[in-house]
Amino acid sequence: MAGRVLARRLLTNQLQRPQKVPAGISVRCLNLHESDSKQLLQSYDVAVQRFGVAHSAQDAKSVAEDLLSKHGAKQYVVKALVLTGGRGKGMLSSGMKGGVKVVDTIEAVGEMSKNMIGFKLVTKQTGEQGVDVPRVMVAEALDILHEMYFSIILDRGAGGPVMVGSPEGGMDIEWVAEHKPDKIFTLPIDIKDGPNKDKVMELAGNLGFDGELKEQACHQMLQLYKMFVEKDATQVEINPLGVSPDRGVVCFDAKVNFDDNASYRQKEMYALKDASEEDPLEVRAEECGLNFIKMDGNIGCLVNGAGLAMATMDIVKLHGGEPANFLDVGGGVQEHQVTQAFNIISSDPKVKSILVNIFGGIVDCRHIASGIIAACRDTGLTLPLVVRLAGTKSEEARDMLEKSGLAITSAGDIGEAAVKAVSSL
């Protein structure tokens, strides 16, 4: 019973897809293209479908010819190589439905690729604007006899990594955890000692592997754990982990998340980041060391601390306004970063008013005030600006703003600041 409770908690808390917290805010993390994920798995001796990347229809046909001549591929999978989910049910601007196609011939590979590369793909995640498809991945299509589920996640409650598996793969694993909890198996791992092979073999058996396939599955699970640790991953999810009559145990699809705090020692991984599908303002903010996520409102928010930022947006909404962004400058913010933050916020044409809400615990409010003054003068800011400063050196900071001669509206608390920001529209 305890194992089932752990499984359900893990799968509801740890394996949920990135959620918007609060409404309208997406989670930022390194997101690898499927081809890069597969290449990473291959480098750890984990079996994946053989594949190649193509930038044109002719390149795609060449990849297919190579798969045929070297590996005897009988069918091919052509996938639009974009970061968005729901590719298979998307619509391309070429008129073709679906960004994932299974075809029988090399000519069909070229035809499908021609209708993907250079066109936009619209999915439930992209919105109506869609995303450009600059290239495709062409892989061998393999028959799957059985589909299992396997993942490794970090769990605070377990105090380290946990392997999670199920014989019910190829489907929504959260649904399995909710409706068939007895089909979920977990194996907590001691982060110092690493996984015990006998216990990993037992987990493989619980997933339905036996004989030689059980050995293969155990090997792949151990290699995935090695990758998990060495690459500072927070989650590795294989769904499905399948059995192919030709290749044995194969990881057919992989989702890998990484710890952003370890980016300094994972430079090779982070060099794979593709910012072409991200909002330009978010990319610019990241380069400046700011936590910024664009939203759909018209009141720009500049706050220090994620919790205070979310509370600020809630209060803005409470008073009838709509936040235009989530922007946390952090506790160690410097004057030049405040100026950069203002430049980013004011670059959004939807922003009609700016609200600054700073609590000076670690941060010196005078640095914020200097940054605000410099930003207003550098940008020639004409938008209404409401500023609430509290905490370290806040009185001196408010005095600096008052003596600046700039059109800045002060507020004593966040409720007053929100009201003034909304009424300035």
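Trainee: What does the chain average in pLDDT?

Mentor: This is a predicted model, in which local features need pLDDT of at least 70, side-chain atom pairs count only at pLDDT 80 or more, and totals for chains, interfaces and linings use all residues. Residues are numbered from 1 along each chain as its sequence is written, and side-chain values use heavy atoms, with hydrogens and water left out. pLDDT is the predictor's confidence in each residue, from 0 to 100. At least 70 is scored by 92% of the residues, and the chain average is 88.

Trainee: How many contacts beyond near neighbours in sequence does the stretch 14-28 have?

Mentor: Contact means heavy atoms within 4.5 Å. Residues 1-5, with pLDDT under 50, have 3 contacts beyond four places in sequence. Over residues 14-28 the pLDDT is also below 50, and the count beyond near neighbours in sequence is 42.

Trainee: Which side chain does Arg135 join in a polar contact?

Mentor: Helices (H or I, at least four residues) and strands (E, at least two) are DSSP runs, numbered from the N terminus. Arg135 lies in the loop between strand S6 (131-132) and strand S7 (136-140). A polar contact is a pair of N or O atoms within 3.5 Å; within protein, one must be able to donate a hydrogen and the other to accept it, and residues adjacent in sequence count only if both atoms are side-chain atoms. At 3.4 Å, the partner of Arg135 is His33.

Trainee: How are H3 and H4 oriented to each other?

Mentor: Axes are lines fitted to C-alpha atoms, for helices over the stretch in contact, and angles run from 0 to 180 degrees between N-to-C directions. Helix H3 (residues 57-71) packs with helix H4 (residues 106-114) at about 150°, the axes 8 Å apart. Angles under 35 degrees count as roughly parallel, over 145 as roughly antiparallel, 65 to 115 as roughly perpendicular and the rest as oblique. H3 and H4 are therefore roughly antiparallel.

Trainee: Which residues of H14 meet H10?

Mentor: Helix H10 (residues 306-318) and helix H14 (residues 414-423) pack at about 55°, with axes 9 Å apart. That angle makes H10 oblique to H14. From H10 come Thr312, Ile315 and Val316; the H14 residues they meet are Ile414, Gly415, Ala418 and Val422.
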